[in-house]
Amino acid sequence: MALVETRDQAAPRLLAHALHSQIAMHQAYGGVVPELASRDHIRRVLPLTAQVMREAGHVLADIDVVAYTRGPGLAGALLVGAGVACALGAALGKPVLGVHHLEGHLLSPFLSADPPEFPFVALLVSGGHTQLMRVDGVGQYQLLGETIDDAAGEAFDKSAKLMGLGYPGGPALAKLAEQGDPAAFKLPRPLLHSGDLDFSFAGLKTAVLTQSQRLRQVSDEEFEARKADLAASTQAAIVDVLVKKSLAALETTGLKRLVVAGGVGANKALRAQLNAACANPRRRGGVVRVHYPELHLCTDNGAMIALAAAMRLQSGQQRALPAASFEVKPRWPLDAITVATA
Ligand code: ATP
Ligand code: FE
């Protein structure tokens with residue numbers, strides 16, 4: 001939940017934002033339970049709205065446009081957000097705007113202290129997506145490549161689960177990896193030399209499973225002793241592929257700017273390796289500027305959705321419309337919104 005302010009063409013300013021994490025609730029089940037997620041959305045949405053308005057020093061009547069996530073995502077959770085946003089818009093007599101969840105991730109670095117400029121290559125690495133995009137402006141997204149199976153975040157989460165690290169596994173695996181040797185296990189880097197910009201992480205998960213089983217067969221102590229090495233090697237395999245393919249996308253497009261977005265963008269090893277590679281003047285293609293969202297805005301948040309709505313309106317591509325009937329789009333490819341939908 002968030003409130004942003006726009007003045008003419010100046011960059012939108014975040015006035016306040018609040019987030020209720022559902023991680024603790026889902027932890028007991030080892031993953032997201034859709035029905036619990038939407039019920040908890042219902043419980044949280046009004047208190048969070050009140051909190052944001054209070055923190056921003058505004059009242060509901062000050063709102064000009066109400067934005068919500070239209071998709072993609074879990075239908076139940078989307079419907080709660082869309083229903084509340086449209087009801088609020090109708091009650092206030094203000095227009096509403098449905099936003100693409102991935103556009104929110106993609107534009108989130110514009111809220112950082114070091115915002116990017118268009119055009120850029122975007123590496124979108126989240127729990128459900130791994131994509132490289134050419135971004136020429138708001139709404140101008142060209143898909144360059146994407147995962148053909150698991151997403152990078154999913155690879156982190158599933159590997160972590162196999163290693164008994166709980167949910168969500170990404171941050172836990174990254175933390176354990178800090179104490180391990182990234183070269184200890186040779187793990188596959190699928191499609192690394194495929195010549196295209198696609199990714200594949202399903203094979204990595206299988207390799208982690210095999211290695212875990214081998215270690216456990218020796219003994220539980222052996223598994224515990226080598227777990228950090230396995231975590232570090234897993235992270236290295238994922239990061240390696242993400243970095244190489246991002247550099248390839250920069251070379252293919254000739255662009256000098258890279259934007260990283262989505263939950264895996266919080267990963268320290270990924271940031272360190274991207275920064276080092278992109279700062280290297282001897283690299284083919286030369287030095288590249290890399291931009292990230294603030295750490296707390298890498299995973300899902302309301303600020304990025306409010307920002308994406310504000311930037312869409314500023315770009316003049318889309319108008320907010322009076323709240324009437326609404327629909328959500330649980331499946332919705334980002335490059336399908338290139339053409340204005342208003
Ligand atoms: P999508 O945006 O594709 O619909 P999502 O909203 O579930 O998916 P995000 O909230 O962007 O995904 O990111 C969550 C993912 O990021 C999880 O898979 C999580 O493990 C991963 N993640 C978060 N922090 C880290 C980290 N430090 N290292 C690695 N992975 C991380
Ligand atoms: Fe997300």
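How many residues of domain 1 are in contact with how many residues of domain 2? In this predicted model, local features need pLDDT of at least 70, side-chain atom pairs count only at pLDDT 80 or more, and totals for chains, interfaces and linings use all residues. Residues are numbered from 1 along each chain as its sequence is written, and chains are lettered from A and ligands numbered from 1 in the order in which they are written.

The domain assignment gives domain 1 (2-106 + 298-336) and domain 2 (114-292), with bounds that come from an automatic or database domain assignment. The C-alpha centres of domain 1 and domain 2 lie 28 Å apart. Contact involves 17 residues of domain 1 and 21 residues of domain 2, two residues being in contact if their C-beta atoms, placed from the backbone, lie within 7 Å. On the side of domain 1 that touches domain 2, helix H1 (23-27), H4 and helix H10 (302-315) each supply at least two residues; helices (H or I, at least four residues) are DSSP runs numbered from the N terminus. This side has seven nonpolar, eight polar and two charged residues. Ala, Val, Leu, Ile, Met, Phe, Trp, Tyr, Cys and Pro count as nonpolar, Asp, Glu, Lys and Arg as charged, and the others, Gly among them, as polar.

Ligand 1 is surrounded by 22 residues, of which Gly127, Gly128, Gly153, Gly170 and Gly263 are the closest; a residue is near a molecule if its C-beta atom, placed from the backbone, lies within 6 Å of it. Domain 1 and domain 2 each provide at least three residues of this shell. Helix H4 (101-107), helix H5 (152-162) and H6 each supply at least two, and H6 gives the most, with four. The shell comprises six nonpolar, 14 polar and two charged residues.

The axes of helix H6 (residues 169-177) and helix H8 (residues 220-253) come within 7 Å and cross at roughly 115 degrees. Axes are lines fitted to C-alpha atoms, for helices over the stretch in contact, and angles run from 0 to 180 degrees between N-to-C directions. H6 and H8 are therefore roughly perpendicular to each other (65 to 115 degrees). Leu173, Ala174, Leu176 and Ala177 in H6 meet Lys227, Ala228, Ala231, Ala232, Thr234 and Gln235 in H8. The residues of this contact divide into seven nonpolar, two polar and one charged.

For H5 and helix H7 (residues 202-218), the axes come within 9 Å and cross at roughly 15 degrees. H5 and H7 are therefore roughly parallel to each other (under 35 degrees). Ala155, Lys158, Ser159 and Leu162 of H5 make the contact with Leu204, Lys205, Val208, Leu209 and Ser212 of H7.

Definitions and conventions. Angles under 35 degrees count as roughly parallel, over 145 as roughly antiparallel, 65 to 115 as roughly perpendicular and the rest as oblique.
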